[in-house]
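Trainee: I have a model open and would like to go through its labels with you. Could we set each value against its cut-off as we go?

Mentor: Gladly, here it is.

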Amino acid sequence: RWGAGATFLVPYFLSLFSLAIPLFMLETAVGQGTGRSALGAFRDLSPRCQGLGFCCFCSTCGIVVYYNVILAWSLRYLFATLASIPSGELPWGDNNSSAFFQGEVLNKAFLCKAPGGDYGSPLYGAESVCPGGALNYDEMEAALLRDCKCRPAGLDYPGGFEGYNIFMLCIIWSLVMLMCFLGTRSLKYAVYITVPLPYVMLVLLFVRGV
């Protein structure tokens, strides 16, 4: 039905105005009032609330772990964009975005099969030849042209470490540790970049799309 997806907005806005915004304002007020981290702020309120501060600390650590990986991917895209300026051609241009992300950034492995066969096992048919074992993205694309069915290998072939991604991740973690070392005084400089940057990117994407 038309507009059926809009029903998601009802619980979203209810949660936004009844939970998210009040809790955000409360957390901001506690932080500004005490001038301490989550652990120290809740401890100053009451020793019984110290566990809440520890929960905030643990959740923040979990968020930082996977967000830093996304930031490392973004940094790799940034460097790839700067490297492509002389040629004027982006590595993911000409509808190659999936090939660049899955093949170059993730270095993902794939398993393919012919109709009636098993994934990862070579099967030679009358019209299709599906190689066995883990395949890279280019090999997977070639197998699809031979009427093979392919899927990500997943944990069957975890692969090795991607050196470029590790280097980008080390840069991101170094920046995070530097900000932690410098303290809250350095946050204002990060806000000068992180707050307006998404709006600038949205405007650029809109102009580029038009």
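Trainee: What makes Tyr12 count as partly exposed?

Mentor: Its relative accessibility is 41%. Buried means under 20% relative accessible area, exposed over 50%, and partly exposed in between, with a 1.4 Å probe and protein chains only. Tyr12, at 41%, therefore counts as partly exposed. Before we go on, keep in mind that this is a predicted model: local features need pLDDT of at least 70 and side-chain atom pairs count only at pLDDT 80 or more, while totals for chains, interfaces and linings use all residues. Residues are numbered from 1 along each chain as its sequence is written, and side-chain values use heavy atoms, with hydrogens and water left out.

Trainee: How many aromatic pairs does the structure hold?

Mentor: There are eight aromatic pairs. Rings of Phe, Tyr and Trp (its six-membered ring) pair if their centres lie within 6.5 Å; planes under 30 degrees apart count as stacked, over 60 as edge-to-face and the rest as tilted.

Trainee: Why is the pair of Tyr12 and Phe13 called edge-to-face?

Mentor: The ring centres of Tyr12 and Phe13 are 5.2 Å apart and the planes stand at 75 degrees, so the pair is edge-to-face.

Trainee: And what makes the pair of Phe13 and Phe17 stacked?

Mentor: For Phe13 and Phe17 the centres are 6.2 Å apart and the planes lie at 20 degrees, so this pair is stacked. Tyr12, Phe13 and Phe17 form one aromatic cluster.

Trainee: Where do Phe13 and Phe17 lie?

Mentor: Both are in helix α1 (residues 9–34), four residues apart, about one turn of the helix. Helices (H or I, at least four residues) and strands (E, at least two) are DSSP runs, numbered from the N terminus. An α-helix has 3.6 residues a turn, so residues three or four places apart point the same way.

Trainee: Are Phe13 and Phe17 buried or exposed?

Mentor: Phe13 has 39% relative accessibility and counts as partly exposed, whereas Phe17 has a relative accessible area of 56% and is exposed.

Trainee: Let's turn to the cysteines. How do you know that Cys112 and Cys150 form a disulfide?

Mentor: A disulfide is a pair of cysteine sulfur atoms within 2.5 Å. The sulfur atoms of Cys112 and Cys150 are 2.0 Å apart, and they form a disulfide. By this rule the count comes to one. The link of Cys112 and Cys150 is right-handed, with 105 degrees about the S-S bond.

Trainee: Which parts does the pair tie together?

Mentor: Cys112 is in strand β1 and Cys150 in strand β4, so the pair ties together parts that are 38 residues apart in sequence. Cys112 counts as buried at 0% relative accessibility, while Cys150 is partly exposed at 22%.

Trainee: How do you know that Cys55 is in no disulfide?

Mentor: The nearest cysteine sulfur to that of Cys55 belongs to Cys58 and is 6.6 Å away. Cys180 is in no disulfide either, the nearest cysteine sulfur being that of Cys61 at 9.2 Å. At 57% relative accessibility, Cys180 counts as exposed.

Trainee: Why do the buried residues of α5 line one face of the helix?

Mentor: The buried residues of helix α5 (residues 137–145) are Tyr137, Met140 and Ala143. Seen down the axis of α5, they fall within an arc of 115 degrees, so they line one face. The arc is that of the directions from the helix axis to the C-beta atoms. The face turned away from the buried side carries the exposed residues Asp138 and Leu145.

Trainee: What covers the buried residues of α5?

Mentor: The cover includes α4 (97–105), β1 (110–113) and β4 (149–152).

Trainee: Last one: what makes Arg76 count as buried?

Mentor: Arg76, found in helix α3, has 6% relative accessibility and therefore counts as buried. Leaving aside neighbours within four places in sequence, Arg76 is in contact (heavy atoms within 4.5 Å) with Glu104, Val105, Glu162, Tyr164, Asn165 and Met168.
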